[in-house]
Amino acid sequence: MLNARQHEQEAQIVADAGKLGAVTIATNMAGRGTDIKLGGNVEFKVMEAIAANPDGDHATIRDQIEAAHEADEQAVKDAGGLFVLATERHESRRIDNQLRGRSGRQGDPGRSVFFLSLEDDLMRIFGSERLDAVLSKLGMKEGEAIVHPWVNKSLERAQAKVEGRNFDIRKQLLKFDDVMNEQRKVIFGQRREIMEAEDLSEIVKDMRDQVIDDLVDAYIPPKSYADQWDTEGLYAAAIEKLNLDVPVITWGDEEGVDGDVIAERMEEAADANMAEKAEAFGAENMRGIEKQILLQTIDAKWREHLLKLEHLRSVVGFRGYAQRDPLNEYKTESFQLFESLLDSLREDVSQKLGQVRPMTEEEQRAIMEQMMAQQAQMQQAAAAAAPAAADQAGGEQLAFEPLVEGFDENDPTTWGNPSRNDACPCGSGKKFKHCHGRLA
């Protein structure tokens, strides 16, 4: 009885299913990918014969087995070949054809017969109700076999419906995957460009300028009056998002100043701030910092985006109840999420680079003092532990002094005559039966 779980063993059984008079029962496609050889599998027969007689001549054994196999194969062919008897039809015609193919590998003779009930799921859900009504009018008795071309045609139509439905499901899933794949291409393309680029200062500057423009548009709306500006909010946002302390409130009180002028001044101040950091870190180190922050931020944002798309995909199907296409809804909202990803990417990169700064001499001195203090504590702990370890070692050495004078580990005659539960004469503190008196 095969159930497609023990693959290797069942493959051997299936390979031998073509023996004369053999009956093999399988719950489904057990031993998939294994050819059924009429007359049995020659290699298995040879292996069994050699295992039974390992000292014999292997070549002679193989010749004898192959000669006997030709007679067995011809006997099976004369009997009609392999006969496949199936108790149901699958939803896919491909699986049925695979089962049929078991009886005709390499042109071998064989036959296949399928039995099924009109109450099977395939016929009950997708079958023709008219077929059931017609057969009932013919006065067919319970349990009587029905053999008619209408049955085959009804089955083929039912399988075609199932295959079409499964195809539509896979096609829809691929459309959802294509949406994510397009965004993946964009992100991975940008990531590769960043990894291959030597100087990312222009990319970082473009991100920073875009963040500044977005902040100015949010707190100083275009074509708005000066009394509608929120310069205090812009000042706080500049410190939070860019670590940029500039007199935005004073600029807003000047005559003839608009949002573009303020944005330009903020960009100049941000560029000067980054130039100072590049000088403090060194140009080469600053380029490495920019690349690391960019790559780490992109990876983190992309992971969050994938999780959001997974949640969106699990619930967007309910939009169909509102007569809206779930795929279009998914495309629209995933694009919005992707735009928010790019916006948050620019903000996070600009914020992290704005917060990066070299350590002051006081901070470096404090760190060195902390490290020296930790090292001193470790040395003190090691020094305190050394005497205890020495005492323990000395105690162990005293404890291992022989209890019997003249004890020689290699000469049992010098051990005395201790019983099994006495202390071992070597002085280890163990019982004699667990030490030198232990049986080999």
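Reader: First one: is Cys 426 buried or exposed?

Author: Cys 426 counts as buried, at 10% relative accessibility. Buried means under 20% relative accessible area, exposed means over 50%, and partly exposed is in between, with a 1.4 Å probe and protein chains only. Before we go on, this is a predicted model, where local features need pLDDT of at least 70 and side-chain atom pairs count only at pLDDT 80 or more, while totals for chains, interfaces and linings use all residues. Residues are numbered from 1 along each chain as its sequence is written, and side-chain values use heavy atoms, with hydrogens and water left out.

Reader: Got it. How far is the sulfur of Cys 426 from the closest cysteine sulfur?

Author: The closest one belongs to Cys 424, 3.4 Å away, which is too far for a bond. A disulfide here is a pair of cysteine sulfur atoms within 2.5 Å.

Reader: Let's zoom out. How many helices and strands in the protein?

Author: The protein has 14 helices and two strands. These are DSSP runs numbered from the N terminus: helices are H or I with at least four residues, strands are E with at least two.

Reader: What share of the residues counts as buried?

Author: Of the 440 residues, 29% count as buried. The accessible surface of the protein is about 29,400 Å², and 51% of that belongs to carbon and sulfur atoms. Those areas come from the Shrake-Rupley method with a 1.4 Å probe, and for residues only the protein chains shown count as cover.

Reader: What about contacts between residues 24 or more positions apart?

Author: They account for 61% of the contacts with a separation of 6 or more. Contact means heavy atoms within 4.5 Å.

Reader: Switching to charges. How many salt bridges does the count come to?

Author: The count is 19 salt bridges, each being a side-chain nitrogen of Lys or Arg within 4 Å of a carboxyl oxygen of Asp or Glu.

Reader: Which residue does Asp 209 pair with?

Author: Asp 209 forms a salt bridge with Lys 205, and their closest N and O atoms are 3.2 Å apart. The two are four residues apart in helix H8 (residues 201–219), so about one helical turn separates them. Asp 209 is buried at 13% relative accessibility, whereas Lys 205 is partly exposed at 24%.

Reader: What else does Lys 205 meet in a salt bridge?

Author: Lys 205 also meets Asp 271, at 2.7 Å from N to O. Since Lys 205 lies in helix H8 and Asp 271 in helix H11 (residues 259–281), the pair ties together parts that are 66 residues apart in sequence. Asp 271 is partly exposed, with 24% relative accessible area.

Reader: Now Arg 319. Where does Arg 319 lie?

Author: Arg 319 sits in the loop between H12 and H13. Its side chain meets that of Glu 329 in a salt bridge, 2.8 Å from N to O. Glu 329 is in helix H13 (326–355), 10 residues from Arg 319, and is buried at 17% relative accessible area.

Reader: What is Arg 319 in contact with, leaving aside neighbours within four places in sequence?

Author: Arg 324, Glu 329 and Glu 333.
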